[in-house]
Amino acid sequence: MTPSEESQHPPIPRLHGEYKVHGGKLVVVDLDIDGGRLRNVSVSGDFFLEPDDALDDINRALSGLREDTPPSEMAAAIEDALPDDAMLFGFSASAIAVAVRRALSKASGWADHQWEVIPPSVLPTHINVALDEVLTEEVGAGRRNPTLRFWDWEEPSVIIGSFQSFRNEVDADGVQRHGVTVVRRISGGGAMFMEAGNCITYSLYLPQTLVDGISFADSYAYLDAWVMAALEKLGISAFYVPLNDIATEHGKIGGAAQKRLANGGMLHHVTMSYDIDAAKMVEVLRIGKEKLSDKGTRSAKKRVDPLRRQTGLAREAIIAAMQEVFMDRYGAVESRLTETELSAARDRVATKFGTEEWLHRIP
């Protein structure tokens, strides 16, 4: 090829992807694509690997794979190629697959998106639950940027998981006596007892590309890394108890739930206890002995350790600190709900979330 021809056909730049393992090291992948296959793959990073030449085995395992190879198959190819005595510290075959997918633009990182934050505003519980579905759909359809939304509400409520039995989770007499609203959400997980000001609840609406290649279990801690940083800033050392509980050395402080939609949108929802009335909670929820035994406790009143006791801060101050950390970490900007979104949520309450059919779909 002559110099003039080269100027008309510049070389295709190498593809580059990075993935920081939660609690681990940075994995970097550079590669070329030729004929739909990975070529000249080079894995690097600040991880530790023994023996040294196992890195060559990793690069060879990836080179030649089709660019549409699922991340699980990429990880399997790497693991099959590694010698029996290989030791990977601070990363894994799955982490390498995520970095590859990011290089191919099939997976995304936090910095690839313009994030928005919707501060708390008081809304009926039915609307809050309906907004989770509406906004997840909007992000999946590309009509809204990925968003963090803080909830607020006034009426005492119980929100049960999508797959929970109403009669097994809710004490009908207690609900009636305390004037509690019961709503079923779209995500799985357990029931939540919420009174005005007693919880901190937020929802993340994101594209599933952000967790591409990350296992379902690992995605929980990955999506809540920012809130762990915020809690640490407030003097709380929190950690995940698999699958979806957030805890400190003093006990559980919250739990997470997820829902992935067919259009590529994803909901990650977290509720943390601030100042819960545990006595009332056990009157409106049927918290079985089996569940308490699984949590290693004897009393439902000891299951949740409120954030107020551990921080001494007002609920609003904790939310403000969380919002600040998220915005600083991901370059997020403040946003608000649109009238179109609120109208869609009201319609969804009328047709789904406010109906007896939905609430009692699992009696």
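**Close-up views of a predicted model**

Serine 105 comes after helix H4, and its phi is positive, near 60°. This is a predicted model, in which local features need pLDDT of at least 70, side-chain atom pairs count only at pLDDT 80 or more, and totals for chains, interfaces and linings use all residues. Residues are numbered from 1 along each chain as its sequence is written, and side-chain values use heavy atoms, with hydrogens and water left out.

**View 1. Helix H4 is mostly covered.** Helices (H or I, at least four residues) and strands (E, at least two) are DSSP runs, numbered from the N terminus. Of the 11 residues in H4, 10 are buried. Buried means under 20% relative accessible area, exposed means over 50%, and partly exposed lies in between (1.4 Å probe, protein chains only). The buried residues of H4 include Ala93, Ile96, Val100 and Arg101.

**View 2. Helix H3 (residues 71-81) packs with H4.** Their angle is about 130°, and their axes are 8 Å apart. That makes H3 oblique to H4. Angles under 35 degrees count as roughly parallel, over 145 as roughly antiparallel, 65 to 115 as roughly perpendicular and the rest as oblique. Axes are lines fitted to C-alpha atoms, for helices over the stretch in contact, and angles run from 0 to 180 degrees between N-to-C directions. From H3, the contact uses Pro71, Met74, Ala75, Ile78 and Glu79. H4 supplies Ala93, Ser94, Ile96, Ala97, Val100 and Arg101. Contact means heavy atoms within 4.5 Å.

**View 3. Histidine 113 sits in the loop between helix H4 (93-103) and strand E6 (116-118).** Histidine 113 counts as buried because its relative accessible area is 18%. Its side chain makes a polar contact with the side chain of serine 108 (2.7 Å). A polar contact is a pair of N or O atoms within 3.5 Å; within protein, one must be able to donate a hydrogen and the other to accept it, and residues adjacent in sequence count only if both atoms are side-chain atoms. Leaving aside neighbours within four places in sequence, histidine 113 also touches Pro146, Pro207, Thr209 and Leu210.

**View 4. Arginine 336 lies in the loop between strand E16 (333-334) and helix H14 (339-353).** Arginine 336 counts as exposed because its relative accessibility is 61%. Not counting residues up to four places away in sequence, arginine 336 touches Ile118, Arg144 and Glu341. Histidine 250 is 86 residues from arginine 336 along the chain, and their C-alpha atoms are separated by 35 Å.
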